[in-house]
Amino acid sequence: MNREQVVGVEVDKSMEFFGIYKEAYRITVSWNKTLSQITLAILLPLTILSLSEIPISNFIRKKTYFRDDDKTIWMVCSIINRFVYMVFVLGLSIFSTSSVAYVVACFYTTKDITFKKAIGVFPKVWGRLMITFLWWFVVVLVYTTVVALLYFWFFISQNGFEVYIPRVKNLLVISFISVPFFAGLVYLILVWSIGTVISVLEMDYGRKALMKSMKLIWGKTVVSYGVFLVLGTVFAGLGSTFVLLMVYKKMTNVAGKVLIGIACYFLTIVLIHFTLVIQVVIYFVCKSYHNEDVANIGQHLEGSCAHSDREKNDPLKPASLV
C-alpha cells in the first residue's frame with residue numbers, strides 16, 4: 001500500500017453507529033496486507049480453538065461420561081480440556097488485541113507498520129493485558145454472583161417453582177432479572193474492550209485502565225453500546241448455529257454440514273477481526289470527542305530509545321509509534 005494515499009487521517013468525533021463500521025472497513029482496506037497476515041497467523045488459530053472446543057467437549061462427554069459409573073474420567077478430561085482451552089484462547093486473544101490495536105493506532109498517526117512490528121508489541125504489553133483481564137474477571141464474577149443469588153432467592157421463595165405457581169409470574173420475574181443482567185454484561189464487555197486498548201496504547205492498565213475506559217466512553221456510551229450489542233448478538237447467533245447444526249446433529253446431510261461449518265469458521269474470523277478493529281476505532285473516537293491529544297499514543301511501545309529521544313528533542317514533531 002502507498003501510505004501517501006492516506007493523508008490527513010483524522011478522527012471524526014461525531015462518528016455514529018454506521019460510521020464506526022464504515023471506518024473499521026476503511027482501515028481494513030488501508031492496512032489489508034498487515035491485517036491479513038495477523039488474521040492468518042493469530043485469528044485463524046483463535047477461531048479454530050474457539051469453535052472446536054464445543055465438539056471436543058461433546059466428544060469427551062460421550063466417550064467417558066456414559067461409560068464410567070463414578071464419572072471420574074469425564075471430570076478429569078473435562079478439566080484438562082477446559083484449562084488448555086482457556087490458556088491458549090486467552091493467550092491468542094491478548095496477542096491479537098495488542099497487534100490489531102497497534103496497527104490501527106499507526107493508521108491514525110500516519111505511521112508505517114509491518115507485520116513484524118505489529119506482533120512485536122505483544123511481549124511488551126501481555127502482562128498489562130493480563131492484569132486488566134484479571135481485574136475485569138473479578139468484576140464480572142462478583143456481578144454474576146449477585147445475579148445468581150437473586151435467581152436462587154426467587155427459586156427458594158417460590159418453593160422451587162411448584163406447579164401451582166403461575167408461569168406468567170415466573171416469566172416476568174426471570175425477565176426482570178435477566179434483561180438488566182445481560183444489558184449490564186454487554187456494558188462490562190464494552191468497558192473491558194476499550195480498557196484493553198488503553199492497556200496497549202497508554203501507560204494505564206488493570207483497574208486504572210477499566211476506570212479510564214468508563215470515563216472515556218462517557219458521551220459516546222449509547223453509540224458504543226449499540227455497536228457492541230450488535231456484535232454480541234451476531235456472535236451469539238453464529239455460536240448457536242454452529243452448536244445446533246454441527247454438534248447436536250440437527251443437520252444430517254454431510255455436504256450441508258461441511259458448508260455450514262466452513263461458513264461458521266469464516267464468518268467468525270471476520271467477526272473477530274472487525275470487533276478488534278472496531279474497539280480501537282471507538283477508543284479514538286472517544287479520545288477525539290473529549291478533545292484528548294493522541295500525538296503520544298503508543299510512545300512507550302517504541303522499539304528504539306534513541307529514536308524516542310530524537311522525537312522528544314523535536315517539539316514540533318509528534319511522537320512516533322514505530
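Q: Is F181 buried or exposed?
A: Keep in mind that this is a predicted model. The cut-off for buried is under 20% relative accessible area. F181 comes in at 13%, so F181 counts as buried.

Q: How are the rings of F181 and F182 arranged, edge-to-face or stacked?
A: There are 13 aromatic pairs by the ring-centre rule. In the pair made by F181 and F182, the ring centres sit 5.0 Å apart. Planes over 60 degrees apart count as edge-to-face. Here the planes meet at 65°, so the pair is edge-to-face.

Q: Which residues do ring pairs link into a cluster?
A: Rings pair up if their centres lie within 6.5 Å. Pairs of that kind join up into a cluster, and its members are F107, Y108, Y283 and F284.

Q: Which residues is Q279 in contact with, leaving aside its neighbours within four places in sequence?
A: Q279 belongs to helix α9, residues 254–289. With a relative accessible area of 5%, Q279 is buried. Contact takes heavy atoms within 4.5 Å. Leaving aside those sequence neighbours, the partners of Q279 are T97, S193, I194, T196, V197 and F228.

Q: How far apart are the end C-alpha atoms of helix α1?
A: Helix α1 runs over residues 17–30, which makes 14 residues. At 1.5 Å a residue it should span 20 Å. The model agrees with that, as the end C-alpha atoms are 21 Å apart.

Q: Which exposed residues does α1 carry on the face turned away from its buried side?
A: The buried residues of α1 are I20, E23, A24, I27, T28 and S30. They cover an arc of only 165° around the axis, so they lie on the same side of α1. Turned away from that side is a face with the exposed residues F18, K22 and Y25.

Terms used: Residues are numbered from 1 along each chain as its sequence is written. This is a predicted model: local features need pLDDT of at least 70, side-chain atom pairs count only at pLDDT 80 or more; totals for chains, interfaces and linings use all residues. Side-chain values use heavy atoms; hydrogens and water are left out. Rings of Phe, Tyr and Trp (its six-membered ring) pair if their centres lie within 6.5 Å; planes under 30 degrees apart count as stacked, over 60 as edge-to-face and the rest as tilted. Buried means under 20% relative accessible area, exposed over 50%, partly exposed in between (1.4 Å probe, protein chains only). Helices (H or I, at least four residues) and strands (E, at least two) are DSSP runs, numbered from the N terminus. The expected span of a helix is 1.5 Å times one less than its number of residues. The arc is that of the directions from the helix axis to the C-beta atoms.
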